[in-house]
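Let's learn to read a protein structure together, one feature at a time.

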Amino acid sequence: MQTDRADIVVRTATRGDAAALYELNRDFNGVDATTADRVAAALEATAGEIVFVAETNGQVVGFVCAQIATSFCYARRYAEISEVYVAPRARRRGIARAMIAHAERYCAQRYAIGSFSLKTGSCNRAAQALYRKIGYRRAREIVMRKRLSDAHGDTDSAE
């Protein structure tokens, strides 16, 4: 998908994007929560997550992750945008907006998605302002989380 800016291309991520996504995710989360090989394997899996990337001048500068969900409780599938990140050097150019719009269109067409939700940090005012501008509204739900230890004593690092 070409945006209104000729230098921004948004597309579905491929295995070839694994190293760039690994680096962006490390910058985003501040920890080495995964490896480039795990990222590559996740991109090939069909477990309900679709990753979109934005490129400028041939370089991947951002990503959006969309989770597709189905429940017997609802007539249509729904989606959650679980991650949005744009490298600091590429911000304020409409890249996040373009990636989200692309994810919405792609998922609506391919999966008959009825609605999207997303999560963002309660202190991330810039992201909240962007999401309001593109039509998202604060929901009544409260997100609660419980950390579970795995067999090795590690906890889930997602916050």
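**Reading the fold and its rings**

A: Along the sequence, the chain runs in the pattern β-α-α-β-β-β-α-β-α. This is a predicted model, in which local features need pLDDT of at least 70 and side-chain atom pairs count only at pLDDT 80 or more, while totals for chains, interfaces and linings use all residues. Residues are numbered from 1 along each chain as its sequence is written, and side-chain values use heavy atoms, with hydrogens and water left out.

Q: How many helices and strands does the chain have?
A: Helices (H or I, at least four residues) and strands (E, at least two) are DSSP runs, numbered from the N terminus. Here there are 4 helices and 5 strands.

Q: How do α1 and α2 (residues 36-44) cross?
A: Axes are lines fitted to C-alpha atoms, for helices over the stretch in contact, and angles run from 0 to 180 degrees between N-to-C directions. The axes of α1 and α2 come within 8 Å and cross at roughly 115°. Contact means heavy atoms within 4.5 Å. Ala18, Ala19, Leu21 and Tyr22 of α1 make the contact with Ala36, Val39, Ala40 and Leu43 of α2.

Q: What describes a pair of aromatic rings?
A: The distance of the centres and the angle of the planes describe such a pair. Rings of Phe, Tyr and Trp (its six-membered ring) pair if their centres lie within 6.5 Å; planes under 30 degrees apart count as stacked, over 60 as edge-to-face and the rest as tilted. The whole structure holds 6 aromatic pairs. In one of them, the ring centres of Phe28 and Tyr85 are 4.9 Å apart with planes at 35°, so the pair is tilted. This pair links distant parts of the chain, with Phe28 in helix α1 (residues 18-29) and Tyr85 in strand β4 (residues 78-86), 57 residues apart. Ring pairs also link Phe28, Phe63 and Tyr85 into a cluster.

Q: Are Phe28 and Tyr85 buried or exposed?
A: Buried means under 20% relative accessible area, exposed over 50%, and partly exposed in between (1.4 Å probe, protein chains only). Phe28 is partly exposed at 30%, whereas Tyr85 is buried at 6%.

Q: What kind of pair do Phe52 and Tyr106 form?
A: Their ring centres are 5.2 Å apart and the planes lie at 75°, so this pair is edge-to-face. Phe52 sits in strand β2 (residues 49-56) and Tyr106 in helix α3 (residues 95-111), 54 residues apart. Both Phe52 and Tyr106 are buried.

Q: How many disulfides are there?
A: A disulfide is a covalent bond between the sulfur atoms of two cysteines. The rule used here asks for a pair of cysteine sulfur atoms within 2.5 Å, and the count is 0. As for individual cysteines, Cys65 is buried at 8% relative accessibility, while Cys73 is exposed at 51%.
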